[in-house]
Structure formats: C-alpha cells, structure tokens
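Q: Could you walk me through this model while I have it open? I'd like to start with how the inside is packed.

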There are 2 protein chains.
Amino acid sequence: MSAHLRFTVVAEDAGARRGQLELAHGVVETPAFMPVGTRGAIKALTIDQIDTLAPDIILANTYHLHLRPGDERIARLGGLHAFMGWQRPILTDSGGYQVFSLADRRRISEEGVRFQSHLDGQSLSLTPESVVDIQARLGSDVAMIFDECPAWPATEDEVAASTDRTLRWARRGRDRFLGLAAGADAGVPRPTPGQAQFGIIQGGTYKRLRDRSVAGTIAVGFEAYAIGGLSVGEPADLMYDIVAHTSAQLPSDRPRYLMGTGTPVDLVESVARGIDLFDCVLPTRNARNGQLFTRRGPLSIKNARYAEDLSPPDPDCACPTCRRHSRAYLRHLFMSGEMSAGALNTLHNLHFYLDTMRAIRKAIVFGTFSSFRRAFHEAYSFQPSAS
Amino acid sequence: MSAHLRFTVVAEDAGARRGQLELAHGVVETPAFMPVGTRGAIKALTIDQIDTLAPDIILANTYHLHLRPGDERIARLGGLHAFMGWQRPILTDSGGYQVFSLADRRRISEEGVRFQSHLDGQSLSLTPESVVDIQARLGSDVAMIFDECPAWPATEDEVAASTDRTLRWARRGRDRFLGLAAGADAGVPRPTPGQAQFGIIQGGTYKRLRDRSVAGTIAVGFEAYAIGGLSVGEPADLMYDIVAHTSAQLPSDRPRYLMGTGTPVDLVESVARGIDLFDCVLPTRNARNGQLFTRRGPLSIKNARYAEDLSPPDPDCACPTCRRHSRAYLRHLFMSGEMSAGALNTLHNLHFYLDTMRAIRKAIVFGTFSSFRRAFHEAYSFQPSAS
C-alpha cells in the first residue's frame with residue numbers, strides 16, 4: 001500500500017503558509033505544533049486531557065518505545081494508536097537524536113549505532129533499516145528516517161562526514177520503507193498501512209552542507225522533509241538564517257518540519273520562513289519546572305510575589321487552568337509538590353502553544369501575518385524565569 | 001450565624017441508612033465516601049477531573065493547610081472553596097491525627113500539643129481553640145474538634161486518660177466555636193458562616209470507654225458525631241464490633257462519620273452498622289502505588305501478566321480510565337514512571353469507591369441491602385496485592 005500524505009497550501013502571507021496536511025489518521029491544520037509524548041504519553045496528562053487541548057497531531061519517541069514496552073509488543077496490541085487510545089495522527093521520530101545523546105554509551109559505524117540501553121545497560125543497535133521496521137510496527141502516521149545529528153559547534157569537516165552518512169542512511173531507510181510497503185517482509189506488521197516517511201536535512205550551520213543535504217535528500221525522495229540539527233545550542237539569529245536558507249530550497253508542495261524547536265518566538269519567526277510543523281519539549285518540560293508561558297512572556301509560578309495573587313496565570317487565556325485557578329493556588333500546588341501542579345501547568349503551556357498556532361493560522365488566512373508578528377514580539381518579551 | 005446542617009433519613013434497611021445531609025455548600029447523599037484532599041488538592045488529580053467523579057463532599061487536612069500555605073492566607077484569598085476553585089462541601093479534619101503521628105516531635109499537655117513542623121522544624125502548637133479558629137478561617141462546611149487518637153494497642157488506663165482529655169478538649173472547642181459563631185472574635189474571618197462542628201468519639205477498643213465518650217460528647221452537644229480511633233491497626237472484626245456498639249448509641253437524627261476507614265469491605269460492613277460518612281486515603285494512595293480496586297478484588301497493575309492484556313482494569317467499570325485504556329497501557333505508564341499513571345489509577349479507584357457508595361444507596365432505598373452485601377462479598381475477595 002502506498003504512503004498516505006496530501007498537503008494543500010490554502011493561503012500564503014509574508015513568507016508564511018497556511019496548509020492542510022492529510023495523514024492516515026486525519027487532517028493536520030498547519031502551521032502546527034506537535035506536543036511531545038515521549039513514551040506514548042504526554043508527560044503529566046491523560047489522553048482525555050489531551051483531547052480537551054485538541055492537538056491535530058502528537059509526537060512519540062521511537063527510541064523510548066523500542067526499549068519499553070517494545071515495538072513488537074505494541075504491534076501485537078494493535079499499534080501505537082490503539083495502545084494509547086489516541087486515534088488522531090502521530091509522528092514518530094527516528095530515535096537518532098536520543099541515541100546520539102547517549103554520548104559515551106554509543107558507537108557509530110556505517111552500519112548504524114550500537115548503544116547501551118539507558119534502562120538496563122543492555123547492548124542494542126539501531127540501523128537505518130531497523131528504525132523503519134520499528135516505526136512500521138508502531139504504526140505512526142509519519143515515520144522519520146534515521147539521521148545523525150552532530151553537536152554544535154562542530155567543524156565543517158565533521159559536519160560534512162556526518163551529513164554524508166545521513167544521506168547514505170536516508171537511501172537505505174527509504175529502500176527499506178518502500179520494500180515494506182510493497183510487502184517485502186511479512187515479518188513486520190504495519191498497523192498503519194498509509195504511513196508516510198519524512199527525510200531529514202542535516203548540515204549544521206554550514207549553508208553549503210545544507211545545500212548538499214537538501215539536494216541529496218530530495219534525490220532519494222520522501223513524502224516530505226524536515227530540518228534537523230538546529231536548536232542544539234546555536235544562537236537564535238543563526239538558526240533563523242539557516243532555517244530561511246534551507247526552507248527556501250524544499251519543495252513548496254510538501255510540508256516543512258523544523259525539528260525540536262522552540263520558544264514561542266522561534267515558532268513565529270520560523271513560520272515567517274516557511275515552516276509548517278514543529279515539536280518541542282519546552283512547553284511540557286518547563287510546565288513541570290513551574291514556568292508558565294503567557295501572552296506577556298514567561299512567568300515562574302514559584303515566585304513569592306504570586307502567593308496571594310488571585311489572577312489567573314494569563315488573564316487572556318481560555319485554558320482549563322486559567323479558567324478555574326489563581327496564581328496563588330497554582331503556586332501552592334507547585335510548592336507542595338502536588339502532581340496536579342504538573343498537569344495544570346502542562347495544560348496551560350500546551351494550550352498557549354496550540355493557541356499561538358491557531359492565531360498564526362488565522363493571521364495568514366486574513367493576510368495579517370506581518371502585523372501579528374510585530375504585535376506578538378511587542379507583547380511577548382522573552383526573559384528567563386526570575387527564579 | 002448558626003451552624004448549617006440538616007440531616008434527613010429517607011430510608012432504612014437492615015441496619016443501613018439512606019440519608020440527605022444539607023451543608024452550607026450543598027447536599028451530600030449518604031452513605032457517602034469523602035475523597036481525601038490533604039493539601040487542598042486530591043493527589044494526582046485536577047479539580048476538573050474531580051468534577052467528573054462528582055463526589056458530593058471532599059476532605060481537606062487542617063494540619064497541612066495550617067502549615068502551608070497557612071489558614072490566614074487562605075482566609076485572605078476568600079476561604080478554602082475559593083482557593084481551590086471547588087464550590088461543593090468540604091470537611092476539614094482537626095489536625096489531631098497528624099500531630100499525634102509526629103511521635104517524638106510533639107509534646108502533649110492539657111493546654112494542647114506543641115510540635116515541630118514536618119516542613120521546616122519550626123516549633124508550633126495546636127490547641128482545641130486554635131484548631132477551631134484555623135478551620136473557621138479555612139471556611140470548611142464541617143469542622144472537626146481537636147481530639148487525641150491513642151495508638152493501638154494501648155492499656156485501658158492509657159486510653160481512659162486520653163479519652164477524658166479529648167472530652168475536656170471537646171468542651172473547650174465547642175465553647176470557642178459557639179463564641180466565634182456569636183461574633184466573639186472579630187479577628188477570625190469566617191468565609192463559611194454556616195459551618196457545622198462535629199464531635200469525635202474516642203475510647204479505643206474498650207466498650208465502656210466508648211460509652212463514656214459517647215455520653216460526654218453528646219452532653220457537650222455538636223451538630224453531629226464521628227467515631228475516631230479505629231482503623232489504626234486493630235483486627236477488622238474488632239473494629240466492626242466497636243463500630244456497631246458505638247454507632248447504636250449515637251443520635252439517629254444526625255449523620256455518623258467513621259473516620260479514616262477503609263477497604264471496600266469495611267465500607268459495606270460499616271454501612272450495615274449505621275455509618276453515613278467515610279474518608280480514607282486507601283483508594284488514592286494505593287492508586288499511586290499501582291493497586292487498582294475492582295468489583296472482583298484488587299489488582300496490581302505492575303504484574304507482568306498484564307503486559308499484553310487488552311481488557312480494561314475492571315470490565316464492569318464506566319470510569320474514564322476503564323472506558324479508554326487497557327491494563328497493558330496502564331502497566332506501561334506505571335512501569336515508565338509517567339505521572340499520568342497516578343492520575344488514571346486515582347480516577348479509577350475513586351470512581352470505584354464512589355460507585356460502590358451509589359450502589360449501597362440504591363440498595364437501601366430498594367430494600368435490597370442484605371442481598372447486595374452478600375453479593376458484594378462473594379464478588380469481592382480482598383487479597384493483598386500480588387507484588
């Protein structure tokens with residue numbers, strides 16, 4: 001069965017695109033933010049709570065699910081959608097980023113990566129082919145190819161070698177994907193036959209390597225393309241420059257996915273450079289650490305000044321947390337170590353991210369994206385949490 | 001303003017009572033189970049999630065809220081209902097049980113108890129009067145008197161001395177409560193003017209001490225009465241015997257509250273002995289430890305046998321967890337340390353407790369409580385968790 005992906009750009013405005021991405025489990029309105037559900041669960045939230053936030057698509061991590069509970073087990077249980085009780089689109093990353101983060105516990109070769117499980121130290125490996133098989137078993141709507149994400153900073157030679165290997169792996173991964181789709185290996189069940197596969201552009205902050213990666217990845221040919229290897233420590237301006245440079249070379253009839261980014265400002269700036277899809281742990285991780293994003297910038301709920309503050313975290317927010325609770329109560333829950341603090345803060349932060357994307361989509365359709373972008377920057381002055 | 005409490009017994013059957021308890025913030029259908037919200041939050045759940053469970057009343061802990069965020073702060077924020085965003089009835093315990101649990105960090109005198117805060121070691125005290133003031137500031141619907149709960153086992157002389165002191169404290173607490181209600185101390189705001197005060201019967205497992213405590217507490221006179229000092233380690237049969245003995249002597253036109261109990265079987269057995277109100281940490285605490293209560297007995301979700309079990313925790317349950325998730329998924333969340341495991345397990349266990357109370361209430365009205373009780377015991381064989 002062939003991959004299922006249809007992408008329609010319904011409006012363009014000031015470099016930004018408003019689109020509809022049809023995947024096997026439903027339509028994603030773009031630009032879209034994908035909440036991160038590492039282990040088949042968005043941290044601190046139940047699936048019923050995720051429903052109330054209504055994201056069109058979520059992300060899950062191949063590395064974590066391969067280790068526990070195991071992709072073969074998930075396949076036996078009917079695939080990741082059935083396992084989670086979530087019937088809308090899911091994108092799975094390739095596990096590459098996680099494996100390379102293991103630093104001294106992994107060894108890279110042309111074949112793939114050998115590594116020790118962070119759970120029990122067991123020696124395991126991932127290859128461009130096995131990562132395709134794992135994601136086929138998970139049955140996500142979108143599977144990412146296995147790529148190598150170099151650290152920042154790195155020399156041009158280092159990044160070039162890594163980028164070229166990613167290109168060779170992309171070819172192997174695509175061959176495996178097409179083979180499975182053609183029924184080559186009956187041993188790999190495919191809970192989502194209409195799965196799409198995205199290629200990943202690497203090349204660090206070197207434009208000529210980005211160019212080489214774009215050309216090579218498009219030559220292999222995928223349903224769509226992602227920009228990887230950014231948001232790894234480089235300055236924001238450099239990131240925006242590379243995003244603009246790379247995005248412009250990607251096919252305009254396919255969605256463009258900027259991986260692992262970013263702050264609310266990063267989202268607005270990257271949309272302005274033609275990006276359609278995002279994921280990031282920032283809203284969920286910071287929520288658990290007590291940082292709330294608001295239309296006026298971030299707010300640290302730990303701060304003593306909120307101890308008797310009866311206003312909601314963000315007076316302009318319609319999320320379940322802001323509709324019902326005061327900063328005073330949220331601070332109390334956080335200081336007391338109540339688990340519900342994590343849930344309420346996560347609900348708010350994800351709502352803020354998803355609502356920002358809704359506002360972006362509306363502005364593009366109305367042709368007011370430039371003024372939206374200016375107003376957003378004026379209202380939102382990003383400053384690190386006070387505590 | 002006078003205390004607000006009206007209790008109507010609408011049906012009786014085989015020793016059990018079906019009643020309606022009107023409190024300042026609403027009606028409680030009895031027999032009722034009160035989920036425990038120690039720090040102004042039911043552990044692992046948001047208030048929106050508690051709404052979906054629809055308990056008529058919840059319990060909060062005076063000791064914890066006095067220490068953090070402080071009852072004076074809560075009063076300034078409009079009382080505990082406004083602080084939590086929960087507008088239905090709340091019962092607050094007196095803090096006695098927690099203070100006595102501090103063991104070597106507290107010193108009891110006739111005046112009250114001096115203790116060191118479990119948070120920062122600060123030296124603090126609670127007296128029968130201060131506990132009334134604290135609960136007035138919290139503005140709960142029901143305030144409990146400050147009692148001393150002796151350990152089990154204890155000699156009759158030890159329990160007698162403690163029971164008599166509790167009686168003297170009951171008189172002081174009631175005087176303070178009536179004084180505040182009459183406007184004696186303008187320095188104590190009363191967010192819930194219609195607050196009711198319950199006396200507590202002590203006496204351990206000694207029937208003649210229970211008799212003395214009942215007579216003395218009724219002589220002081222409260223809106224209603226609770227049975228304290230049970231579920232502290234004594235055998236279940238002995239507890240049931242003391243409950244029956246004590247309950248029979250309490251006024252039939254007031255609700256009877258058995259404090260800190262218990263297992264599902266304890267609830268059914270105590271209702272059969274005339275009890276109307278319960279609270280216990282068992283469903284919430286065990287949920288976080290992976291034990292799920294079901295109509296067929298408890299189930300430890302950690303058990304490897306559930307790793308590929310697609311059935312819900314309890315096939316006969318309509319809770320949000322059982323409607324959507326399999327044992328396999330819940331086991332995965334628990335083994336992965338996901339916070340949502342705590343939320344989903346707590347939703348299930350509280351639903352089970354509240355649903356058991358609904359079934360009990362229905363059986364009493366239909367005059368089928370005896371057959372319900374038999375069927376419950378047959379289906380539900382309590383056995384400790386396998387792991």
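A: Contact here means heavy atoms within 4.5 Å, and, leaving aside neighbours within four places in sequence, Phe33(B) is in contact with Ile57(B), Leu267(B), Phe278(B), Asp279(B), Cys280(B), Pro283(B), Leu350(B), Tyr353(B), Leu354(B) and Met357(B). This is a predicted model, in which local features need pLDDT of at least 70 and side-chain atom pairs count only at pLDDT 80 or more, while totals for chains, interfaces and linings use all residues. Residues are numbered from 1 along each chain as its sequence is written, chains are lettered from A and ligands numbered from 1 in the order in which they are written, and side-chain values use heavy atoms, with hydrogens and water left out.

Q: Which residues touch the most other members of the largest nonpolar core?
A: Phe33(B) is one of them, along with Leu80(B), Leu91(B), Met144(B), Phe198(B), Tyr257(B) and Phe369(B), in a core of 102 residues. Helix H14 of chain B, residues 339-366, gives the most to this core, with 10 residues; helices (H or I, at least four residues) and strands (E, at least two) are DSSP runs, numbered from the N terminus. A nonpolar core is a set of buried Ala, Val, Leu, Ile, Met, Phe, Trp, Tyr and Cys residues joined through side-chain atoms within 4.5 Å, where buried means under 20% relative accessible area, exposed over 50%, and partly exposed in between (1.4 Å probe, protein chains only).

Q: And Met357(B), is that buried or exposed?
A: Met357(B), which sits in helix H14 of chain B, is buried because its relative accessible area is 1%. Apart from neighbours within four places in sequence, the contacts of Met357(B) are Pro31(B), Ala32(B), Phe33(B), Leu267(B), Val271(B) and Phe278(B).

Q: Switching to the interface, how many residues does each chain put into the contact?
A: Chain B and chain A each bring 41 residues, and the area buried between them is about 3600 Å², with carbon and sulfur atoms giving 52%. Buried area is the accessible area (1.4 Å probe) that two parts lose on being put together, summed over both.

Q: How many salt bridges are there between the chains?
A: There are 12 between chain B and chain A, a salt bridge being a side-chain nitrogen of Lys or Arg within 4 Å of a carboxyl oxygen of Asp or Glu. One of these joins Glu308(A) to Arg76(B), with the closest N and O atoms 2.5 Å apart. The largest share of the side of chain B that touches chain A comes from H13(B), with 6 residues.
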